Amino acid sequence: MSTNKKRIEILSEIELKKTLSRLTFEIIEKVATLDDLLLVGVPTRGVYLAEVLGNEMFSKTGVKVSRGVIDPTFYRDDQNRVGTRLIQTTDIPIPIEKKDIVLIDDVIYTGRTIKAALEALNLWGRAKRVTLLAMVDRGHREVPIQPDFCGRVVPTSKDETIDLRLREVDGEEGIFLCKKTRSD
């Protein structure tokens, strides 16, 4: 018996670009000044999303927004359940005091990754404000964390996954719902 994945496209490459543009404008509207903004990506795809959003902001405003990376792996309370992956170096390039931080992740599911990222970020100082951007909210929260900026809400079952695909990482772009199927 083997398990395969069946993919259903949620957002095409064009729709993904439109959603990223919308999210960029939403962030610009909510932040008092882009000079005080820091985009912090959660590995892996959150880091690339932070880069894409930073580039979008620059093209729309002419302001180069600071970007960083926070790897929450060692701050997780569920490592025995999810295991570990290759650790990415945390890089916060500027002091975070008096900064508006947008924490960026591709998919929010249980909320535990973001909880761990917030704990890791606290070690770097006290930001003025931290908000959360998730490209997809798939539900099933185990901790009370909700995104401030969200590309799409896609209710899923626990045996489904959401895959954000980015050209820089995956060679294709789009968001896909993956259903596990069994074949005998």
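A salt bridge is a side-chain nitrogen of Lys or Arg within 4 Å of a carboxyl oxygen of Asp or Glu. By that rule, the chain you're looking at has 15 salt bridges. Keep in mind that this is a predicted model.

**Overall build**

- The chain holds 5 helices and 8 strands. Starting at the N terminus, you'd read them off as β-α-β-α-β-α-β-α-β-β-β-α-β.
- With a radius of gyration of 17 Å, close to the 16 Å that the globule rule gives for 184 residues, the chain is as compact as a globular protein of that length.
- If you boxed up the C-alpha atoms along the principal axes, you'd need roughly 55 × 35 × 25 Å.
- Of the 184 residues, 46% count as buried.
- Take the contacts between residues at least 6 apart in sequence: 70% of them join residues at least 24 apart.

**Salt bridges**

- One of the pairs is E13 with R167, whose side chains meet at 2.8 Å, N to O. This pair links distant parts of the chain, since E13 sits in helix 1 (residues 13-30) and R167 in helix 5 (residues 167-170), 154 residues apart.
- Both partners are partly exposed: E13 has a relative accessible area of 29%, and R167 has 38%.
- Another pair is K99 with D36, at 3.9 Å, N to O. K99 lies in the loop between helix 3 (79-82) and strand 4, while D36 lies in the loop between helix 1 and strand 2 (37-41), so this bridge ties together parts that are 63 residues apart in sequence.
- D36 is partly exposed at 25%.
- D170 and R165 also form a salt bridge, with their closest N and O atoms 3.5 Å apart. R165 counts as partly exposed, at 22% relative accessibility.
- D170 and R165 belong to a network, too: salt bridges link R7, R45, R165, D170 and E172.

- Which residues of helix 4 are buried? They are R112, I114, A116, A117, A120 and L121.
- Strand 4 (100-108) and strand 5 are among the elements that cover those buried residues.
- Move on to the loop between helix 4 (112-122) and strand 5 (129-137) and you'll find L123. L123 is exposed, with a relative accessible area of 61%.

**A nonpolar patch**

- L123 is also part of a nonpolar surface patch of about 540 Å².

**Cysteines**

- How many disulfides are there? The count comes to 0.
- C150 is in no disulfide, and the nearest cysteine sulfur, that of C178, is 18 Å away.
- C178 counts as buried, at 1% relative accessibility.

Conventions
Residues numbered from 1 in each chain as written. Predicted model: local features only at pLDDT ≥ 70, side-chain atom pairs only at ≥ 80, totals over all residues. Heavy atoms only, no water. Disulfide = S-S within 2.5 Å. Buried < 20%, exposed > 50% of the residue type's maximum accessible area, 1.4 Å probe, protein only. Patch = residues over 30% accessible without salt bridge, like charges linked within 9 Å, V, L, I, M, F, W, Y side chains within 5 Å. Areas by Shrake-Rupley, 256 points an atom, 1.4 Å probe, with all protein chains shown as cover. Helix = DSSP H or I, 4+ residues; strand = E, 2+ residues; numbered from the N terminus. Contact = heavy atoms within 4.5 Å. Rg over C-alpha atoms; globule rule 2.2 N^0.38 Å.
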